[in-house]
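Thanks for coming. I will go through one model today, starting with its salt bridges and ending with a helix.

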Amino acid sequence: MVFSSLVFLCIFFPVVFCLHAAIPSTKVRNVLLIAASLFFYAFGEPVYVALMAASAFLNYLCALLIDAAGEGKKKAVLAVAAVANIGILCVFKYAGFFLTAINSMLHVNLPVPQITLPIGISFFTFQALSYVIDVYRGQVEVQRNFGKVLLYISFFPQLIAGPIVKYRDIALEIDSRSVTLGETALGLRRFICGLAKKILIANTMAVAADHVFQQGLGSLDMLGAWVGAAAYTMQIYYDFSGYSDMAIGLGRMFGFHFRENFEHPYGSLTIKEFWRRWHISLSSWFKEYVYIPLGGNRKGKFRTGLNKVIVFFLTGLWHGANWTFVAWGLFHGAFSFLEEAVPAIKKLPRAILHVYTMLVVTVGFVIFRADTLGQAVSFLGKMFTGFQFTASSLSFAIQQLTPFFLAMLAAAVAGCAPLSRLSLRLREASEQGEELAPKENFVQAALYLAAFVLLLWCIIRLSGGSYNPFIYFRF
């Protein structure tokens, strides 16, 4: 089950939300959310729901052992937890990839297991591991109630597509939370905005992107390649940020406040800035639990560089078991290094810096989207040297530029701009519970009306059987 489905929108969410609102006890609400989350995951992964629950129990137990162990044994228990979590991830996500690589490099024929990738395993594994590490560091108190740990890891809004939530950010809300009408309205509007990003923009971009990337490279020219690259660049942002918006909105409707996961990354002027704005929960996870423990920038330039290479390598690998993801991570790492090695880059005019950043990001996402490194190189060749225009190649490219595609592309470009001062003011006022001026109240009312229209539009699109890919199957 995914958020952008009629089953979720018309049955699952309304039922769970109404039951949650009708129950006054936080303890009973937690039981409801655990049951709903397990059902939500089992709806699409009836076998692997046991794996997720087992992962939660393993980390719950390790945290208890760390809390009870003496100083000399805490690190050993943490090591066991880290090896177990990474081991689970390697077996279910990377076993086939690693064995295929070994067969290729050593010219052997080891059997490659065909293991179905559990949805969301990268997200819930990182969440569980962060909880254990935080208990080891003394940043959170150990939770002795397994149900609360299970709720933290399995909570359906962020279970299959993030953001990666740290236990310390919602620990208090698991124990005690309130849901007001205003919070519910804001959460619902945020959810609808994310749904519209996914259904109207990302899915429309996906049609063109999939057609282009599945087209034989021999019949593709520069125009078609750039259409595909631009479409995928918009698709992955609006799909991913849309799901994050839906998760944040859903969490708010149940009394939980998740941190922002995207802050208009396509408005960045450098690759370093891009990574401060893109998938913030993942970037901060690697910074806090990998980069800083490795030494960060405290052990000289060489170690700093090596630490960053490791982080970018792991960031790429986290996204999927394919060399294209690793290459994408290292590609971004190379430009991050370049910006530090050549400070003059940052002194260029803002317009040039923005073009440079978006060019690097777009080329990177071509590598990310390609099935193989060979396809990525050939596709990039078409983007920059594909001057062999033919009637068929031009016709194919133009066929992707439907009126609806162009309208959604324009909306996508407009949506990449940073929030206006009024939008920021409305967000801050809503988060702090401040009263609004008459003009601001009018704008709020207009936004709620627009959200209602968008919801109807999305339901109509889904009812019509429009293309609705689930991009996270690759992650």
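Arg-168 forms a salt bridge with Glu-288, with the closest N and O atoms 2.7 Å apart; a salt bridge here is a side-chain nitrogen of Lys or Arg within 4 Å of a carboxyl oxygen of Asp or Glu. Arg-168 lies in helix H8 and Glu-288 in helix H12 (residues 280–291), so the pair ties together parts 120 residues apart in sequence. Helices are DSSP runs of H or I, at least four residues, numbered from the N terminus.

Before going on, the conditions. This is a predicted model, in which local features need pLDDT of at least 70 and side-chain atom pairs count only at pLDDT 80 or more, while totals for chains, interfaces and linings use all residues. Residues are numbered from 1 along each chain as its sequence is written, and side-chain values use heavy atoms, leaving out hydrogens and water.

Arg-168 also meets Asp-134 in a salt bridge, 2.6 Å from N to O. That pair links helix H8 (residues 167–175) to helix H5 (residues 121–137), 34 residues apart. Which of these residues are buried, and which partly exposed? Buried means under 20% relative accessible area, exposed over 50%, partly exposed in between, with a 1.4 Å probe and protein chains only. Asp-134 is buried at 0%, Glu-288 is buried at 17%, and Arg-168 is partly exposed at 30%. Salt bridges with shared partners join Asp-134, Arg-137, Lys-166, Arg-168 and Glu-288 into one network. The structure holds 15 salt bridges.

Last, helix H16, residues 373–385. Its buried residues include Phe-379 and Leu-380.

Methods. Helix = DSSP H or I, 4+ residues; strand = E, 2+ residues; numbered from the N terminus. Expected span 1.5 Å × (residues − 1).
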